[in-house]
Amino acid sequence: MKTVFLLMAQYDAQAVLPIDVVCRDYFAPLTVPTLVRKISAGEIALPLVRMETSQKCAKGVHVEDLAKYIDARRAAAVKECEQLCG
């Protein structure tokens, strides 16, 4: 099953998920400011959607981008497992 469809079911078909929800559900124990800083620094390869140009505007993550990130992390984990387990 496609990750994006699972996320859409989990989040009631929202296109953009608030950053605090993404942080809570997928990046615990990071805080929202730490997650935003890591995304801005390129440490976490996840596009951050800003609803306006202001620094204080609402921030979120598009559901497709989160799905791609999850799938990439899974692929890396599967590759590591295959290397370790043969």
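Phe5 and Ala9 are exposed on one side of helix 1, where exposed means over 50% relative accessible area, buried under 20% and partly exposed in between (1.4 Å probe, protein chains only). Helices (H or I, at least four residues) and strands (E, at least two) are DSSP runs, numbered from the N terminus. The model is a predicted one, in which local features need pLDDT of at least 70 and side-chain atom pairs count only at pLDDT 80 or more, while totals for chains, interfaces and linings use all residues. Residues are numbered from 1 along each chain as its sequence is written, and side-chain values use heavy atoms, with hydrogens and water left out.

Helix 1 covers residues 3-10, and Thr3, Val4 and Leu7 are buried in it. Viewed down the helix axis, the buried residues of helix 1 fall within an arc of 100°, so they line one face; the arc is taken from the directions between the helix axis and the C-beta atoms. These buried residues pack against helix 2 (19-26) and helix 4 (63-85), with contact meaning heavy atoms within 4.5 Å. Just after helix 1, Asp12 has a positive phi of about 55°.

Helix 4 has 23 residues and spans 32 Å from its first C-alpha to its last, close to the 33 Å expected at 1.5 Å a residue. That expected span is 1.5 Å times one less than the number of residues. Val63, Leu66, Ala67 and Tyr69 are the buried residues of helix 4, and they pack against helix 1, strand 1, helix 2 and strand 3. Gly86 follows helix 4 with a positive phi, near 85°.

Strand 3 (residues 59-62) runs antiparallel to strand 1 (residues 16-18), with three bridges joining them. Strands pair if DSSP finds at least two bridges between them. Gly60 in strand 3 is the bridge partner of Pro18. Strand 2 (residues 49-50) is also antiparallel to strand 3, joined by two bridges, and Arg50 stands opposite Lys59.

Side chains of opposite charge can pair when their charged atoms come close. The structure holds two salt bridges, each defined as a side-chain nitrogen of Lys or Arg within 4 Å of a carboxyl oxygen of Asp or Glu. One joins Arg24 and Asp25, at 2.8 Å from N to O. Arg24 is exposed at 56% relative accessibility, and Asp25 is partly exposed at 31%. Another joins Lys38 and Glu43, with the closest N and O atoms 3.5 Å apart; Lys38 is partly exposed, at 23%.
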